[in-house]
Amino acid sequence: MEGWDGGDAVDVGSEPDKFGWISDNPDLVWTETDSEDGGTVRYSTKLASKCAIYGQFPLYYDQHRLLIMRWDGNDVNFFAYKLAGLEAGKTYKFEWVYCWYNNGDYFIPRVGINKNPVSVITNADTDFGTDENDDVYYQYFYGIADNLADENGISYTKKMTVHPGEFEFTVPESGDYYVTFTCTQVIDKVLTEDGLHIKGPMGMVGGFSVTEKNGSSIAATEKDTVKLTVKDRRIIVSGTDNYSISTLTGAKITDIKAQLPIGIYIVETKGTAHKILIR
């Protein structure tokens, strides 16, 4: 998803829709980076710099910028970004970070891969966000609803906390696709002849990456032979003796049999990186 963040663009001309973002609301106001205009969708470096990293308290998210996605009063059902030129039979890995910013009780985004983003709202007879959309793949991300505390009793706040997420999907036919973002927390909803319209919380998203895997065989080999489990805050790897464990910041864990602090760790096995949560 190169270009999703507008690079270093600021001021007029840095509106996210100028860089390919779309929504189903033609009246949605897209505005420039770090604007303080209420009710707008924009890139933010100021808010991103204030976000704690889930499992890495009290470090902060410093990876450039986040995109504010809002369902609070904007009559938006989905946001979407085009993934151009995907090839049939190939498996791709989608990675991102997401954060509940404000409003509502929490933020559980639904991410889908779709040939036509409008199809996520065409079935007005079903509740919005159900699984009856025409997605190649979809996944709900529930981590943002957790309110954890570390072993010292320091709370991991639900708001302004960046969570990582990922999934893999295989493309059935070559062409352009969209990654779509919908919201499952409904503050209010109105059913019209155009579909079901919802109002919900504000979220922030970023860190997007879509990389090609070596076809669907990855799922058949790596996942069948390597198993990762967590017990007593220890990461147990079976199916291979060749692996390493590191923190999100890249620091290697020298004692791979030891109990680990609460947080997210990267386990590398057979050239594949896995994110593991210790909680």
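How many disulfides does a search of the whole structure find? The search finds zero disulfides.

## Overview

The model described here is predicted. The protein has 279 residues, and 48% of them are buried. Its secondary structure consists of one helix and 18 strands.

Contacts between residues at least 6 apart in sequence can be sorted by how far along the chain they reach. Of these contacts, 70% join residues at least 24 apart.

## Cysteines

A disulfide is a covalent bond between the sulfur atoms of two cysteines. The cysteines C51 and C99 show how the search reaches its result. For C51, the closest cysteine sulfur belongs to C99 and is 3.8 Å away, which is too far for a bond. The cut-off for a disulfide is a sulfur pair within 2.5 Å.

## The mixed sheet

Six strands make up an open sheet with mixed pairing, and their order is β2-β4-β13-β6-β9-β3. At its edges stand β2 and β3 (52–53), each of which pairs on one side only.

Strand β4 covers residues 66–70 and pairs with β2 in the antiparallel sense, over two bridges.

## The antiparallel sheet

Another open sheet has five strands in the order β1-β5-β10-β7-β8, and the pairing here is antiparallel. The edge positions belong to β1 and β8 (135–140); each has a single partner strand, so one side of each has no neighbour in the sheet.

The pairing of β1 with β5 is antiparallel and runs over two bridges. Within this pairing, I22 stands opposite A80 of β5.

## Aromatic pairs

A pair of aromatic rings is described by the distance of the centres and the angle of the planes. How many aromatic pairs are counted in this model? The count comes to 16 aromatic pairs. One of them joins W30 and F79, with 6.1 Å from centre to centre and 90 degrees between the planes, an edge-to-face arrangement. W30 is in the loop between β1 (22–23) and β2 (43–44), while F79 is in strand β5 (residues 79–86), so this pair ties together parts that are 49 residues apart in sequence. Are W30 and F79 buried or exposed? W30 counts as buried because its relative accessibility is 15%, and the cut-off for buried is under 20%. F79 is buried too, at 0% relative accessibility.

The rings of F94 and W96 also pair. Their centres are 6.1 Å apart and their planes meet at 45 degrees, so the pair is tilted. Both of these residues, F94 and W96, are buried.

## A lysine over a ring

What lies over the face of Y177? The residue there is K115, at 4.7 Å from the ring centre.

## R70 and its surroundings

R70 belongs to strand β4, the strand that pairs with β2. With a relative accessible area of 6%, R70 is buried. Its side chain reaches the backbone oxygen of T40 at a distance of 3.0 Å.

Which residues does R70 touch, not counting residues up to four places away in sequence? They are G39, T40, V41, R42, V76, F79, P201 and M202. F79 in this list is the ring that forms an edge-to-face pair with W30.

## K46 and its loop

K46 sits in the loop between β2 and β3. Its relative accessible area is 44%, so K46 is partly exposed. Leaving aside residues up to four places away in sequence, K46 touches D34 and E36.

K46 and T33 are 13 residues apart along the chain. The distance between their C-alpha atoms is 9.4 Å.

Note on methods
Residues are numbered from 1 along each chain as its sequence is written. This is a predicted model: local features need pLDDT of at least 70, side-chain atom pairs count only at pLDDT 80 or more; totals for chains, interfaces and linings use all residues. Side-chain values use heavy atoms; hydrogens and water are left out. Rings of Phe, Tyr and Trp (its six-membered ring) pair if their centres lie within 6.5 Å; planes under 30 degrees apart count as stacked, over 60 as edge-to-face and the rest as tilted. Helices (H or I, at least four residues) and strands (E, at least two) are DSSP runs, numbered from the N terminus. Buried means under 20% relative accessible area, exposed over 50%, partly exposed in between (1.4 Å probe, protein chains only). A charge sits over a ring if NZ of Lys or CZ of Arg is within 6 Å of the ring centre and within 35 degrees of the ring normal. Two strands pair if DSSP finds at least two bridges between them. A polar contact is a pair of N or O atoms within 3.5 Å; within protein, one must be able to donate a hydrogen and the other to accept it, and residues adjacent in sequence count only if both atoms are side-chain atoms. Contact means heavy atoms within 4.5 Å.
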